[in-house]
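Student: I've got a model open and want to talk through its strands and helices. Can you take my questions one by one?

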Amino acid sequence: MKGISHITFIVRDLERMATFLCQGLGAREVYDSAGREFSLSREKFFLLGGTWLAAMEGESPAERSYQHVAFEVDEADLPKHQARLEALGVDIRPPRPRVEGEGQSLYVHDFDNHLFELHTGTLAQRLARYGASTDTD
């Protein structure tokens, strides 16, 4: 296993998701099937921090949950990200309670009930704070 290849989100409106990912999170759109469906439906691909994200037209989740994708960001950039997301009118969620040293988070639901987290910490920092081993092999 090498790691995550890509993450796919099912959305009602591909253009609205493109706005959320590109303007809100800073992704770059790299592909639009635009009538050439090779998969289950029209899709767009994005790159965000080196991660391949796919968005496909379809029925998005009916309900919100805490299931989410978290992207690492610098703490100094968190206010900038929040301002861009607020300008899009997406739902910024209150952060969960934190202990000192595990990093800060910004939680945001996109327009299709997917939860994204922008997080300033790392796994090693969290494990150290929780008093656990940092052996991740």
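Student: Which residues of S8 point one way, and which the other way?

Tutor: This is a predicted model, where local features need pLDDT of at least 70, side-chain atom pairs count only at pLDDT 80 or more, and totals for chains, interfaces and linings use all residues. Residues are numbered from 1 along each chain as its sequence is written, and side-chain values use heavy atoms, with hydrogens and water left out. Strands here are DSSP E runs of at least two residues and helices are H or I runs of at least four, numbered from the N terminus. One way from S8 go Leu-115, Glu-117 and His-119, and the other way go Phe-116 and Leu-118.

Student: How many residues of S8 are buried?

Tutor: Buried means under 20% relative accessible area, exposed over 50%, and partly exposed in between, using a 1.4 Å probe and protein chains only. S8 covers residues 115-119 and is mostly covered. The buried count is five of five.

Student: In which sense does S5 pair with S8?

Tutor: Two strands pair if DSSP finds at least two bridges between them. S5 (residues 68-72) and S8 share five bridges. Val-69 sits opposite Phe-116, and Phe-71 sits opposite Leu-118. The sense is parallel.

Student: What about S7, which way does that strand run against S8?

Tutor: S7 (residues 105-109) is joined to S8 by five bridges, and Val-108 has Phe-116 as its bridge partner. The two strands make a hairpin with five residues between them, and Asn-113 in the turn has a positive phi of about 75°.

Student: What is the order of strands in the open sheet?

Tutor: Four strands take part, and the pairing is mixed. S5 and S6 (91-93) are the edge strands, each pairing on one side only. The order is S5-S8-S7-S6.

Student: At about what angle does H2 run to S7?

Tutor: Axes are lines fitted to C-alpha atoms, for helices over the stretch in contact (heavy atoms within 4.5 Å), and angles run from 0 to 180 degrees between N-to-C directions. H2 lies across S6, S7 and S8. Its angle to S7 is about 15°.

Student: Is Lys-80 buried or partly exposed?

Tutor: Lys-80 is found in H2 (residues 78-88). Because its relative accessible area is 44%, Lys-80 is partly exposed.
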